[in-house]
Amino acid sequence: MILEAKDIQQNWVQFMAHIDSHVQGDRKQKLIEFYEKYQERIMLMPASHKKEYHNAFPGGYVEHVNRVVTCALKLYDLWAEMGADMSTFTKEELVFSAVNHDLGKIGDESEEAYTPQTDNWRKEKLGENYMFNTKLPFASVPDRGLYMLQSHGIQYSFNEMVAIQTHDGLYDEGNKKYLMTYLPEQKPRTSLPFILHQADLMAARIEFEREWLPKLKGDKNSLDSTKKNFTLGNSTKGSTAPAAKSKALGSIKSEGLKNMLDNL
Ligand SMILES: [Fe+2]
């Protein structure tokens with residue numbers, strides 16, 4: 001799948017609007033400044049490095065996170081309707097956790113986690129459109145995301161920490177200590193981790209279906225990836241979010257991203 005420039009920009013505006021609408025207090029401005037600082041990197045990032053995984057295309061990260069936030073808000077209503085105790089966490093905690101759940105995928109202050117694949121064999125045979133940046137020391141995605149928040153002075157609550165840490169549910173063995181305990185006193189005290197995990201699962205599954213079901217059915221049109229116009233216009237009109245900078249993707253500073261866009 002290829003997103004057009006206007007979609008990439010609209011998704012960024014929507015992403016910032018989630019923060020603007022739901023995050024309160026001192027950390028709101030810090031979070032906005034954090035995302036503006038890394039805007040260029042984040043708005044073009046894929047959600048994963050391999051095409052068999054979900055949203056492995058430019059702009060895939062923000063598109064995925066927006067879907068997780070939307071799913072999380074709908075699941076919030078469902079859990080409330082079905083009788084879950086919604087007094088144990090806030091909607092702000094849910095949206096903050098959803099917005100930042102995959103933040104560790106950006107890398108750190110100086111190094112991007114994903115760079116465009118330079119090995120054509122791996123790209124064509126293995127579908128690896130991106131490769132991990134080996135200059136980056138290893139950390140799990142949740143650990144790096146939480147590190148990035150704290151290193152930029154953005155506070156998170158205990159509930160948010162557990163939700164971000166366990167958002168992969170039992171797909172990550174390390175989460176068993178939170179999610180597979182049989183002792184009541186060790187179980188999570190809120191449904192927040194389960195709602196975030198469900199939202200992430202739902203979003204990734206939908207992204208897989210969109211990308212792969214037409215291909216598996218042999219739909220030739222789904223294999224066609226035409227080159228798109230990457231000149232960004234200003235689509236911030238009517239939004240309450242901070243204005244996204246209007247810019248042409250041709251002005252991107254990152255060498256890796258330039259190469260990647262040239263190959264589209
Ligand atoms: Fe995710």
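Trainee: What are the ground rules here?
Mentor: The model is predicted, with local features needing pLDDT of at least 70, side-chain atom pairs pLDDT 80 or more, and totals for chains, interfaces and linings using all residues. Residues are numbered from 1 along each chain as its sequence is written, and side-chain values use heavy atoms, without hydrogens and water.

Trainee: Which protein donors does the iron ion have?
Mentor: His64 (NE2), His101 (NE2), Asp102 (OD) and Asp200 (OD), lying 2.2 to 2.3 Å from the iron ion. Donors are N, O and S atoms within 2.8 Å of the metal (3.2 Å for Na, K and Ca); water is not among the atoms, so sites may look incomplete.

Trainee: How are they spaced along the chain?
Mentor: As H-x36-H-D-x97-D. Asp102 is in the loop between α5 (91–100) and β1 (114–116) and Asp200 is in helix α10, so the pair ties together parts 98 residues apart in sequence. Helices (H or I, at least four residues) and strands (E, at least two) are DSSP runs, numbered from the N terminus.

Trainee: Are Asp102 and Asp200 buried or exposed?
Mentor: Both are buried, meaning under 20% relative accessible area (1.4 Å probe, protein chains only).

Trainee: Switching topic, which element gives the most to the lining of the second largest pocket?
Mentor: α10, with five residues.

Notes:
Buried means under 20% relative accessible area, exposed over 50%, partly exposed in between (1.4 Å probe, protein chains only).
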